[in-house]
Amino acid sequence: MRLTNKLYAQHIGWHFKKHWQVQGRRVPKDTGAAADLLKMGVQVKTSEDVLNPKREPKLVEIVGAVDKPIVEDETHPNWHLTAGHLFGDSNVLLGGLPQAQVLTNTIEINGFPRQIDEAIVSTQFPKTIDRTVQNLIISSQLLDAQQVKLPKIKLIDRPAYNLPRVYGISHERRNRLLINKLLFEIEKLAGRSVTVRRKLIDNVTFQTSLIKDNDLLLFKITGDKLISSARPLDTIKGKFNGDLPDLYPMKCTVSMPKQHIYTENTFYPIRREITCSHPHTIFTYFDKTVVGNMHGSEVSKTQFYGRTLLKAFAVAASRAKQLGDVPSNGVLQKPIVVQCIQTDGQEFHFGVLQLNTLDLSSDSATKNYWFHRPSVDLFTECSYQTGRPNIGGYNSEAFRILNAFYNNS
Amino acid sequence: MSTRWYPVYQRGNPQLRVFLPNFWMKLVRPTEDQPANVVTFAVSTQMTKHDVKNYLEKIYKLPVVDVRTRIALGDTKRDQVHGYITKNDDVKLAYVTMPKNEAFTFPDIFANKAEKQEQDEKSMDESKQGFRKFLDRNKKRPGTPGWYSI
Amino acid sequence: MLTLRRGEQLRARLHALCRRCLSAKTQAKTLANTADDVEYSAEPEYPEIRDLSFKARKQQLAVDWHNEIRAVPTVEEKMIKLNMPRYYGYKVVDLTDNLVPYNALPLTQHYTRTVLEQQPATVEEDAKLDALVKATREDVIEALEYAHDLYKHQLSLLDTQPDAVQRERQLTLIILEQVNRAVLQALSADFAHLQDVEIDYNPRHEAFWAVGGVDPPKNVVKSKQGNEWQKDQAHDSVDRLVQYTGEPYLALRHRHQLPNWRTAEESNNLTLAKQLPRYKFDARTLGYCTKYQHAVNVPGYWPSANAPNFGLLSFQSRAHLQLRPKTYGEEDQLEALHALAIQSSYAWLLAQANYNGFNTYNELTYPLNTQTVITNGREWSFYAYQLNTLLVHGAHVDENPVVNFCRGTAPLPLYGEISEAGKCVDFNEATLRQLLAQYSNVPSIQRSPAELLPYVRDATLRRAADYENGEQREFLERTFKHLASKRPRHLELPEIYMWEKLYKIDNPTRSMEPRRRFFELNINPWRRTLDQHDKEYVPRVVRPGGKKNREGRYKKTYYP
C-alpha cells in the first residue's frame, strides 16, 4: 500500500489552497507611490501595522505573601564601592596560622601564660573526676536521644556511591551538650566565689571591621558560647618579642571572600553598662561540613589554629571598639585579654590572645600576643562498639586546661 | 448571587467588598459522634475559616470559639445503564466549635414521618377499598360505563 | 458449629479413654513404686474453666501478649517487642507539647487517668525556705535583667524580627539557663542532691501508651454490625494508641526518686477513678491529629547502666499558647496549661518507667514522681505529678481503681515587667519561693535493683548491652535506634492510585483484568509484622564456617 495519501487532483479545496500559497509568495511591485507620498509628507503605514498593532505586554507587579528579599546588587542600601575582606563562620584562611598572625599583627608564643601553666599543674582534682568526665562525654556524645538526619557521608574513592543515611545527634548539639556538661562539672569544682563572677551565654554574635594596609577587613562571627566575667582578665606579665611570618608571595587577605555589602559598625553581644560584660572565654565549634576551604579541600591543622586566633581577635577587637577608647595610633591603654577554645567535640585547641593594638599595618611597632599550645584530644574514639558505648584514649589534659582557663581571672 | 467574581486576595490589594458572595452553609448531620458543642456544616469550598466564623457570628449571632475545615472527596457513582462513573463535587466541611457549655442537637426533621406514612397508607387503602367495591358492584354487567347506574 | 461440638465430644471421649488406659498402667506401676503418688490427689484438681466466648478469647490473647512482653528480659527488647506487630508502625493519636486544642482537659485526664488538684499559690511558711529566698533573690533578679538585656541587644542586630512564638522561646531559654544556673549555685551548698543532678538541654521526651474506653469508629461498628453474632458488640469501646512528643527547655534528672505525696491507700480509690472525666469521642473531634509511627518511649537519653534515671524537674514551653485564638477564653487558657502539664509529666514518667521495665501493658509496682514548671519567663506555673498506674487500656479504664495525681498552681508572675532601663519591677517572691521549693525537694527514695526493675531479667541482664553475644547486642542496638529514629521504612508502603480507588475499589469496572495488586489479593500492608523483611546477606568472603557454608548466608535476627 502506498504510504502517502492519494492526491485528488480534481479536489477544488486543494487548488484553492495552492493558489493562496502561490499568491502569498508574490512580491508586490514597487510602484513608487510610497516614495512619492513620503516626498509629499504623507506617512505610509503597512496594513499589518493598522490591523495588528504591536502591544507591549503589561507587567503585573505581584506583591506576594511574603516580603521579597532585597536584591544583593548595587541597589542594596549597604552596597559599598570598595570591597571588604570577610572572615565569617564558614571560611578559614588558606595560609593558616601564619596568615592569621600577619592579618592581626600578632606574634605567636608557644605555651600558655605563666599563671595558667601553674594552674594546670597545681590544681588538685578529686579522684573520681576522670570517671565523671568520661561519663559525661558518653552521655553527650552517645546517650542523648536526638535522632536527626546527619550530613551525607561520601567515600572519596567511590563518590557516586550512596551510603545509608545515618541518623543521630547533630554535631552542634553534641558540642553544646559536651561543653555545657564540662562547664557544669568545672563550676561545681570552682565553687560559688568564682561562678558568681562569670556568666554563660549561648550563640552570640560579634561584628567589627578594621583597616589593614588599605584593605578593609570585616569580621562577622558567632561564638557558640561566651563566658563573660565581672572583671576583665589581667594583662599578661612579661615582655614578648617576635617577628611576623613572611607570607611572600601570598597576600595576607588571600582566600577571604570579597564583599561589597557590609556595614562598618561594631557589635558586641553585651552592652558595656552591664556589670558582667567583659569577655573571658569564647567557645567555637568546628564542624567540617560547615567550615571549609573555598575549594573544598580538607581544613589543615594550621588553618584550624588560625581560626581560633581570628575568632579570639574578633571578640577582643569588637570589645575594644565597644569600649571606645582607641587612640589614633591604635595602641590600647589597657590591653584586652580573651581566651578562646575551639573544638570539634574531640579535639580541643586552647589559646589566649592579648590585644595590645588595633593598628594592623605591617609597620606597627606594637604587636598583639597569641599564646597557644598544639591542640589536645579529649578522647581518641567514642562510639558504640558491638552494641556497647565505648570511650577510648581519654586524655584528662583537655579538662585540666579547660578548668584552668575557667578559673583564670 | 453576586455578579462579580470573588478575587483571590493578595497582600497589598485594596480591601474588596463583595456583596452577596457565592457563599452558602448547610447544616449537616455528622457521620461520626461528636461532642455536643461541635456543629458540622457543609460550606462552599471558597469559604475560609474566617468566613465561616464571621458568617455565623455576624448573621446568626452564634458564639463561635473555633472553626476547623476540611475538604471531603465527593462520592463516585456508577451509571446504571451505561456503566460510566460519575463523581459528585467535593465539598468543604466546617466543624464549628462553640463554648463548652453550649449544646447542639441536630433537629429531627422527620419526627412524624411514620405517622404521616401511616396516614398516607390509610387513605390509599381506603381508595383501594372503594375501587374494589366499585368492581364488585359492576361484576355482573361487563362493558357498561361507571356512570351507568341507578 | 455442630461439627465442632461433635469433634470436641469425640476428643473428650478419646481423652477419657487414654486417661483410663494410663491410670491402669500407672496403677500397675504404683504397686512397684509408691513414690509416684504425688501425681494423684484424693480430690480431683481440674484446671480453671475458661470462658470460650469470642470476646473472652480475644481478651485472653491480649493478656498472653502482655505477659509475653513482661517476660522479655531487657529494656530495649521490651520496646522492640511492643513494636513487633507492625512493620509500618501503629496508628497513634499525636499528642505534642505545641498543640493544646480547645477543651482538652477532659481528654487529657481520661487518657492519663489523672486527678487534678489545685495547689495553693503560697507555700507553707518555712524559715529555711525564707532564708533561701533571701539568699537567691538578688541572683535571680540579676539573671533576669541580664537575660532580658542580652536578648534585647541581640534583636537589635537583626533586620527582620523573629515571630512572637520564636521570640518567646529564645528569650525563655536564655532566662531559664541563667535562672537555673543561679539557683543551682545558690542552693547546691545546702542541698547535696543538686550536686548530682544531670541537666538535659532541650531533651527529647516521648511516650507511647494505650487508652481504652473510646467509642469505636464508624467502620468498626459497620463491620461488626454486618456479622450476626457480633451485632451486640458493635458499640463496645475500643483502644486508642497515643504517642506524646515533647521537647522541654530543660530537664533535671537524679539517681534517686522524689518522695511520694500520695499514699498507696489514697491512690487506690475506685470511686475517685469512676469520677474521672471520660472523653469517649475520637480525639480528632478536638483537633488532634493521628499519624502512623512506631511506639517510642524516650525520657531524653538512651538506656544506660549508670545514668540518673529519675526526673526531678522539667521546664516546659508555653510559647505556642500565643497561637490559640482569643475566643478560647481565659478559663480554657488555664485548662490548657493544666492539660500541658499533665501530658508532659505523665509522658516523661511513663518513659522513665519504660527504662525500668514497665510499659503501658505491664503495671508499675511503685509510684513515680516528678515536678513540672511551665513558663514563658514571666509567668510560671508549678506542678507536681505522681504516677501510680499505667493501666488505662481495655477494661482497665473502668476497673482499675488506681489513679494518678497532679496538683498545680495557676500561672504566677515572677516579676511585673522589665523597665526601659532594664530593671526588674515588682519582683514576686512568692513565685521564687515556689520555684525554690521544687529545687529543694530532695529525691530521697532509693530502691534495690530487684525492686526497681521487677520485670527485667536479673543483675547480669538488664539492657541489650549486657548480652554476651556481640552480634545480638549490635542487632538490638541498631533495631532499637532505628525504631526510635522514626526514619522511613526501607520498603515503602504500597500506594493505591486514585484511578484504582475509583475504578477498581469503589466501582469494580475492570473485572476482566488479572488481580495482581495487594488490595485485590486481600493483603493488608499495615498488618505486616516487624520481622517480615529480607534478612541481611553475608558475603561469601566473610561468611562464618567457610565460603561453601549455606546456613550462614543470611545474618541472624534476634527479634524478641
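Colleague: Is A:Val42 buried, partly exposed or exposed?
Modeller: This is a predicted model, and the value is computed from it. Buried means under 20% relative accessible area and exposed means over 50%. A:Val42 has 38% relative accessibility, so A:Val42 counts as partly exposed.

Colleague: What accessible area does the nonpolar surface patch with A:Val42 have?
Modeller: Patch residues need over 30% relative accessible area. A:Val42, at 38%, is partly exposed. A:Leu37, A:Leu38, A:Met40 and A:Val44 form the patch with A:Val42. Together their accessible area is about 460 Å².

Colleague: How many aromatic pairs does the structure hold, over all chains?
Modeller: Ring centres must lie within 6.5 Å to pair. Over all chains, the number of aromatic pairs is 35.
Colleague: What geometry do the rings of C:Trp209 and C:Tyr346 have?
Modeller: The ring centres are 4.8 Å apart. Planes over 60 degrees apart count as edge-to-face. The planes of C:Trp209 and C:Tyr346 stand at 65°, so the pair is edge-to-face.

Colleague: How many residues apart in sequence are the parts that this pair ties together?
Modeller: C:Trp209 lies in strand β4 (residues 205-214) of chain C. C:Tyr346 lies in helix α10 (residues 329-354) of chain C. The pair therefore ties together parts whose separation in sequence is 137 residues.

Colleague: Are C:Trp209 and C:Tyr346 buried or exposed?
Modeller: The cut-off for buried is under 20% relative accessible area. C:Trp209 has 0%. C:Tyr346 also has 0%. Both residues are therefore buried.

Colleague: What kind of aromatic pair do C:Phe315 and C:Tyr439 form?
Modeller: Their centres are 6.4 Å apart. The angle between the planes is 40°. Stacked needs under 30 degrees and edge-to-face over 60. The pair of C:Phe315 and C:Tyr439 is tilted.

Colleague: Which elements of chain C does the pair of C:Phe315 and C:Tyr439 link?
Modeller: C:Phe315 and C:Tyr439 are buried. They are 124 residues apart, in distant parts of the chain. The elements are strand β9 (residues 310-317) and helix α12 (residues 429-439).

Colleague: Which ring lies under the charged end of C:Arg407?
Modeller: A charge sits over a ring if, for Arg, CZ is within 6 Å of the ring centre and within 35 degrees of the ring normal. The charged end of C:Arg407 is 4.2 Å from the ring centre. The ring belongs to C:Trp261.

Methods. Residues numbered from 1 in each chain as written. Chains lettered and ligands numbered in written order. Predicted model: local features only at pLDDT ≥ 70, side-chain atom pairs only at ≥ 80, totals over all residues. Heavy atoms only, no water. Patch = residues over 30% accessible without salt bridge, like charges linked within 9 Å, V, L, I, M, F, W, Y side chains within 5 Å. Areas by Shrake-Rupley, 256 points an atom, 1.4 Å probe, with all protein chains shown as cover. Salt bridge = Lys/Arg side-chain N within 4 Å of Asp/Glu carboxyl O. Buried < 20%, exposed > 50% of the residue type's maximum accessible area, 1.4 Å probe, protein only. Phe/Tyr/Trp six-rings, centres within 6.5 Å; stacked < 30°, edge-to-face > 60°. Helix = DSSP H or I, 4+ residues; strand = E, 2+ residues; numbered from the N terminus.
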